[in-house]
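Have a look at the model first.

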Amino acid sequence: MLDLGRLDPYVQWVLQKNGWTPGREFPSAEAHIAEITALGFPAVDYGVRVLRSLGALRFREYYPESYRRLVRSWREQGLPPERWPEAAEIREGCQAALTALEELGLEAAGYKGATFTFDALDAARDVEIVLDLDTVRQVVGGPVFPIGTVEPDGIVFAAADGGVYVVFDDSIFAAGRCVEEFLQVLLVRGCDPLEIYHGD
């Protein structure tokens with residue numbers, strides 16, 4: 001369901017590295033949809049389509065230059081290499097990202113990191129951590145369907161018109177007119193969400 005033509009090449013690489021493929025169908029989609037609707041969410045068509053394509057995918061993407069910045073900081077602190085903290089996961093993740101960016105002919109400075117999921121069922125079960133749903137529906141202008149989570153403590157919803165919203169305990173952000181724009185907001189510098197509600 002994703003329109004690859006709307007996605008930055010690096011964002012496409014991140015998706016594929018984390019298990020998404022064109023034509024992907026999440027095998028547990030129908031069971032998750034049934035449970036989510038039983039929790040009181042109407043089966044918003046766009047949200048259901050996102051779940052079927054991206055359901056259960058999890059992402060922990062570092063800012064591509066994170067490890068280089070850590071090394072620079074350790075050097076500035078005067079730590080010799082043998083005293084640098086273990087950070088193999090960060091080092092390997094950053095190196096893979098930098099290699100991909102180089103092969104794509106892209107500059108690392110144009111990209112950021114994010115931790116997020118397309119686990120709609122977990123999101124539906126955790127809605128008590130964010131603003132009440134009546135407020136969300138009123139601000140968005142209609143029903144919403146959970147499609148995932150973002151760190152820290154945000155739930156991601158899709159609206160009937162394809163809009164994607166990130167909801168926290170005190171605010172709502174418009175994070176894209178479609179899931180492709182949402183992915184760009186998460187990973188591409190200069191693509192930022194718009195705060196549309198902030199509680200008192």
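The lining of the largest pocket splits into ten nonpolar, two polar and two charged residues (Ala, Val, Leu, Ile, Met, Phe, Trp, Tyr, Cys and Pro count as nonpolar, Asp, Glu, Lys and Arg as charged, and the others, Gly among them, as polar). Keep in mind that this is a predicted model, where local features need pLDDT of at least 70, side-chain atom pairs count only at pLDDT 80 or more, and totals for chains, interfaces and linings use all residues. Residues are numbered from 1 along each chain as its sequence is written, and side-chain values use heavy atoms, with hydrogens and water left out.

**Pocket**
- A pocket here is an open set of points on a 1 Å grid over the protein atoms alone, where a 1.4 Å probe fits, with protein on both sides within 12 Å along at least five of seven lines; lining residues have an atom within 4 Å of a point.
- The largest one holds about 230 Å³ of space, taken as the space filled by probe spheres set on the points, which are joined across faces, edges and corners.
- Its lining has 14 residues, with V150, E151, F168, L186 and P193 nearest the centre.

**Cysteines**
- There are zero disulfides (pairs of cysteine sulfur atoms within 2.5 Å).
- C178 is in none, and the nearest cysteine sulfur, that of C191, is 11 Å away.
- C178 is buried at 6% relative accessible area (buried means under 20%, with a 1.4 Å probe and protein chains only).

Key:
Buried means under 20% relative accessible area, exposed over 50%, partly exposed in between (1.4 Å probe, protein chains only).
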